[in-house]
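Dear colleague,

I am passing on the structure below, with some notes on what was found in it. Please read them with the model open beside you.

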Amino acid sequence: MDPLIVDGVAITHPDREVFGEGGPTKGDVATYYEAVAAHMLPELRGRPLSVVRCPRGTSGACFFQKHHADALGKHVKGVALKEKDGGDAEYLYVDDVEGVLELVQMNTLEFHPWGARVDNPDQPDRLIFDIDPSQGVDWKTIVACAREIRERLLGEGLESFVRTSGGKGLHVVAPFRRGPAWEKVKAFCEGIADAMVADSPQRYIAEASKAKREGLIFIDWLRNTRGATSVTGWSLRARAGAPVAMPVRWDEIARLKTGGAFDFAKALKRAKALEADPWDGIASLKQALP
């Protein structure tokens, strides 16, 4: 079969089913990302990225890639960043839809940006809480957790935004002016998570211990460290049913039933119907980490 040309990028094997039999194809994934690029790029552009590549689709082995390679495409850029061991490595990032599509051509399904930009990777400009419920926690409790994080952030002078994770939970994201070091951001987020656990130990846990998490929500604050990433809004997830991590308004979350409420088809429909960005104002907020 001839390649599918999407925004000037050749997508080979466009009919290959990447989400299992009858699910979206590689060509569908490319046209999806072209359709939602205007919504997705503001959160993605100019940030070091980890991507999830699935050469045989979601039924085969998938892997994270964060380092740049020329083979990824001419619109996929590289930036030299310090590694933990003190050496330099070239990380990948994109600035435009062509870069996104070249990564799709290389079998990328998921996009996970840093909370900092390539021009200043040591000065983060957003924080994230990943609300990760264990099996059996009901949606109402997950929503209450997100709202409590929002209230606590407001108490510190920070407005925040919410998205579905494309899995079981929600993400709460707050932008702030660049300046504080990663250690300060991490300590601030750990403090909020620990305070919530201290007030509601029967509901929440703030440590990544699978053994202790039964019946609880893990408030994952650990993504607020240098090199950590979190899935971006509008990204597909490499899971059965092609769910999407979806930015939503705060008043929408109670009407949903799960963090996987938006799949490929619903996300496309939403992109076409949206009259206003649910995260409108995030780029122009002038707020500082306390």
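Helices (H or I, at least four residues) and strands (E, at least two) are DSSP runs, numbered from the N terminus. This is a predicted model, in which local features need pLDDT of at least 70 and side-chain atom pairs count only at pLDDT 80 or more, while totals for chains, interfaces and linings use all residues. Residues are numbered from 1 along each chain as its sequence is written, and side-chain values use heavy atoms, with hydrogens and water left out.

A cavity here is a set of points, on a 1 Å grid over the protein atoms alone, where a 1.4 Å probe fits but cannot get out, and its lining residues have an atom within 4 Å of a point. The count comes to two cavities of 30 Å³ or more. The largest holds about 160 Å³, and of the 18 residues lining it, the closest to its centre are Pro 113, Gly 115, Arg 126, Ile 128 and Ser 230. Strand β8 (residues 126–133) gives the most to that lining, with three residues.

The second largest cavity holds about 40 Å³, and α1 (26–44) and β7 each supply at least two residues of its lining, which includes Asn 107.

Asn 107, in the loop between α2 (97–105) and β7 (108–113), has a positive phi of about 70° although it is not a glycine. Most residues other than glycine have a negative phi.

Best regards

Key:
On a 1 Å grid over the protein atoms alone, a cavity is a set of points where a 1.4 Å probe fits but cannot get out, and a pocket is an open set with protein on both sides within 12 Å along at least five of seven lines; lining residues have an atom within 4 Å of a point. Grid points are joined across faces, edges and corners, and a volume is the space filled by probe spheres set on the points.
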